[in-house]
Amino acid sequence: MRTLSSSGNSSRYSRSFDLPEPSRDPPLYGAAGGAMLPVYLNDLRKSVKSDEMVEVTLELDVNSVVLCSVAPTAAAEEEPPVFNNGFLARSTSAATRLRRMFSWRRTASARTSTSDAEDQHQTAVATAREMMKMKTKMMRNKSSAQRALGGLRFISKSTTAGESDPNALWKQVEARFAVLAKDGLLYRQDFGECIGMADSKEFALGVFDALARRRRQKTGGITKAELHDFWLQISDHSFDARLQIFFDMADVNGDGKITRDEVQELIMLSASANKLSNLKERADEYASLIMEELDPERLGYIELWQLETLLLQREDYMNYSRPLSTTSVGWKRSFGSQIINKIASPLFDNWQRGWILLLWILAMAGLFTWKFLQYRQKAAFQIMGHCLTTAKGAAETLKFNMALILLPVCRNILTWLRSTRARLFIPFDDNINFHKVIACAIVVGVVVHAGIHITCDFPRLVRSTPEKFALIASDFGGKKPTYTSLLAGVIGCTGIAMVVLMVITFTLATRSFRKKGVKLPPPLNKLTGFNAFWYSHHLLGVVYVLLLIHGTSLFLVHKWYQKTTWMYISAPLLLYLAERSLRTCRSEHYAVRILKVSVLPGGVFTLVMAKPNGFKYKSGQYVFLQCPAISSFEWHPFSLTSAPGDNYLSVHIRTVGDWTKELKRVFTENNSSTSVIGRAKFGSLGNVNQAGLPKLLVDGPYGAPAQAYQNYDVLLLVGLGIGATPFISILKDLLNNTKSEDQLDSNTDTSQSDESSTSFASSTDTSVGKKKPQKIRSAHLYWVTREPGSFEWFKGVMNEVAEIDHKGQIEMHNYLTSVYEEGDARSTLITMVQALNHAKHGVDILSGTRVRTHFARPNWREVFNKIASKHPCSTVGVFYCGMPILAKELKKLSQELTYKTSTRFEFHKEYF
């Protein structure tokens, strides 16, 4: 083929091909002037001899193919002319046939409309559609088609609450019919609720209307028998039956054809059922996309088999979301090794927690025993007996725990220790859990100590005989105390005050109060929430002062070195106070300059700040923010979404409380010049006018579980909603490293190209000997969110991953839980549009990126199995940030797959 000329949108080219003998049969290529032209020409070449050649010149335009000329080839022109049945005769007839074949593809100015040409065109189109219809039937035998045949379910998990028995399902429908029916009839508007589609009634109405049209039923109500017939149809396991219902929902007039407007209406119905407002607004565009794919002849309608074709080819369209690397098969352990591993793995997973808890329990037991035995030797034991020894033993553990409870919340010290070898044997991720465990031990100690004193020690002392009291009279100034004087004294008052303050603090720190699970009437409702928890915790400062007074006013101990309370708490208390002072001083130094404030969908906004001098952090860490204009006492933690290599700091903040809502207001509403409505573009930071902006203080960075990602070859990152923030920083860090490696490789290739072969060999040997082996990390991010607008939060990062990560180091999987699971009839059309749009434009319709959005929730067992198969004999770091409920399932799967496969999963979690 050679090109003769080209200009604008059209081009002229010629190609030599063989020409068959004339045939009276109609052409079998309905689109010979378009996509089927190469097939047509190829068939011609196969059917004739090599010396029967012509040169055909065509003019191609966007919407037309014009036959310009048909001439003999150069080789043929040298031969003598052949008349009648010779070559020129065939060329003449060929020109006539080709002009007739392509006449329907000409432009309006070039087209000559004849009834014969139109008839041939209609015949060609019909023939082409019949061929495609036959091809669709043949496609059903493919494995991908078999998977597609399992889809398009009207009765799914969301409508049956997990029930699978058909009889049990129908009984549930019967029960709802009995409640909803009026005068024995179930009306159209109640059909959705009756069959389990209460949350998508518009879609259920479409199903009702489609089934009613089959029965030619125009009434708005159906009997129980008719409902049963409807139920049998929508619960039919046959794919053809489900496909026919789906087709009938769009085919409103029942003519067996779906027009573009009917496709658009069905898209809007599906978008409404899945609460996708953006998709609903673009239904017109997506309807055109489907018609363009299924109706290339532009007849203006599609038929049932064409819709089936699109469903069966869904797997082919969706291949873009699958990783390009091949999956390896992980070997399974033998039965004996599984048994051994099942016993050893829990010990290995929990040995850090185990030895810490064991050491702590042994320390308390030792202190209790030591004090118990010490007071058995005192004269007071003759009066108060084991009540005294038990109370004093509990007091000793209380002093120890009141000192120890401060250490897990010394964040700066823990952050530093995370970077040392101490992380190998101390579980720093469980610092808050250990803090809570110690608090529980303090509660037990207070109950035992105070309870025994009030109910046992004091009554025995008051009722003691003068002879026995004489043994300890010197400890009380020679005067026997009364019960009231014991409670009203310094020891009694400080003890009672500490108990009251601890009850308040510990109660407001419980999850039900902290998360506003307890509903109280105003003004008591202010006792719930984070603010109440935060401020009440500062009451413990008073408790420590009272504890020092209480510990220095003992009745039975008089020497200062025997009053050990100050010995226990002085060092941890000074350490904690030094930490708080450091936070205050450092936050003043880290008063940041705001570069950008972006308001994002889903009640989220992002702050982009100038990076303070000397501020160093790791991906996965977090900072505390304080805005003195809102509160001079409140500090709130937020994960950093910027990477360590960036020259700025960024945080994404979800407005879920009073403080975050106020922070958004002071940075957006009052200062319109600083607000950028839309997506945050990290690469285009502008200069913001700082005049009138409130002061923002930053304290940190602080260690978090996610910062340990560098210890693993393979990462499984799971984020729920805003919980994806620490992992975005990790992905950006991996991308920055990829850029650096690519640049280094490019520089290395350039330098090596200038060297001779001898010097190349020697330099290669030297570089190999000096180069450090680097870990090749594979990161799998699973982001689960409820709102499609959430994808705007990190859209830039997702696009950057798709553009830069050519090695396939990062796999991103977005899951939208507001859309029904794949295979549900309510999401089937959305899946089609999603596949077609990505195949044509390379963009996902929901996330607006090249990363495919999956529907409903992930099958976590399948996720773990795939990673175990892809990375055998590897250690996978599983990092989770989200609600606690999913953490249990992920931890269980991590342990289970570690037992069963050669891949080891180590689970880390943090909650928001």
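**Sheets and helix contacts**

Tutor: In this predicted model, three strands make up an open sheet with antiparallel pairing, in the order E12-E11-E15.

Student: Which strands stand at the edges of this sheet, each with a single partner strand?
Tutor: In the order E12-E11-E15, E11 is written between the two others. The outer two each have a single partner strand, so one side of each lacks a neighbour in the sheet. The edge strands are therefore strand E12 (636-639) and strand E15 (697-702).

Student: Which residue in E12 is the bridge partner of Leu625?
Tutor: Strand E11 (residues 622-626) and E12 run antiparallel and are joined by four bridges. In E12, the partner of Leu625 is His636.

Student: Which helix packs on the sheet, touching E11 and E15?
Tutor: The twist of this sheet averages 30 degrees from one strand to the next. The helix that packs on the sheet has a direction making about 120 degrees with that of E15, and it is helix H27 (residues 565-589).

Student: How many residues of strand E9 (residues 594-600) are buried?
Tutor: Buried here means under 20% relative accessible area. Strand E9 is mostly covered, and the count of its buried residues is seven of seven.

Student: Which residue in the turn between E9 and E10 has a positive phi?
Tutor: E9 pairs with strand E10 (residues 604-610) in the antiparallel sense over six bridges, and Ile594 has Met609 in E10 as its bridge partner. The two strands form a hairpin with three residues between them. The turn residue with a phi of about 80 degrees is Gly602.

Student: What are the edge strands of the six-stranded open sheet?
Tutor: This sheet is paired in parallel, in the order E19-E18-E17-E16-E20-E21. Its neighbouring strands are turned by 20 degrees against each other on average, direction ignored. Pairing on one side only marks the edges, which are strand E19 (853-855) and strand E21 (904-911).

Student: At what angle to E21 does H34 run?
Tutor: Helix H34 comprises residues 884-900. H34 lies across E16, E20 and E21, and its angle to E21 is about 170 degrees.

Student: Is the crossing of H33 and H34 left-handed or right-handed?
Tutor: Helix H33 (residues 860-870) packs against H34 at an angle of about 35 degrees, with the axes 10 Å apart. Trp860, Phe864 and Ala868 are among the H33 residues that meet H34, where the partners include Leu890, Leu893 and Leu897. The crossing is right-handed.

Student: Is H12 roughly parallel or roughly perpendicular to H32?
Tutor: Helix H12 (residues 260-273) and helix H32 (residues 825-841) pack with their axes 8 Å apart, at an angle of about 115 degrees. Because 65 to 115 degrees is the range that applies, H12 is roughly perpendicular to H32.

Student: How many nonpolar residues does the contact of H12 with H32 have?
Tutor: The crossing of these two helices, H12 and H32, is left-handed. In H12, Val263, Leu266 and Ile267 are among the residues that meet H32, whose contact residues include Leu829 and Val833. Beside one polar and one charged residue, the number of nonpolar residues in this contact is eight.

How values were computed:
Residues are numbered from 1 along each chain as its sequence is written. This is a predicted model: local features need pLDDT of at least 70, side-chain atom pairs count only at pLDDT 80 or more; totals for chains, interfaces and linings use all residues. Side-chain values use heavy atoms; hydrogens and water are left out. Axes are lines fitted to C-alpha atoms, for helices over the stretch in contact, and angles run from 0 to 180 degrees between N-to-C directions. A crossing is left-handed if the near helix is turned anticlockwise from the far one by less than a right angle, and right-handed if clockwise. Contact means heavy atoms within 4.5 Å. Buried means under 20% relative accessible area, exposed over 50%, partly exposed in between (1.4 Å probe, protein chains only). Two strands pair if DSSP finds at least two bridges between them. Angles under 35 degrees count as roughly parallel, over 145 as roughly antiparallel, 65 to 115 as roughly perpendicular and the rest as oblique. Ala, Val, Leu, Ile, Met, Phe, Trp, Tyr, Cys and Pro count as nonpolar, Asp, Glu, Lys and Arg as charged, and the others, Gly among them, as polar.
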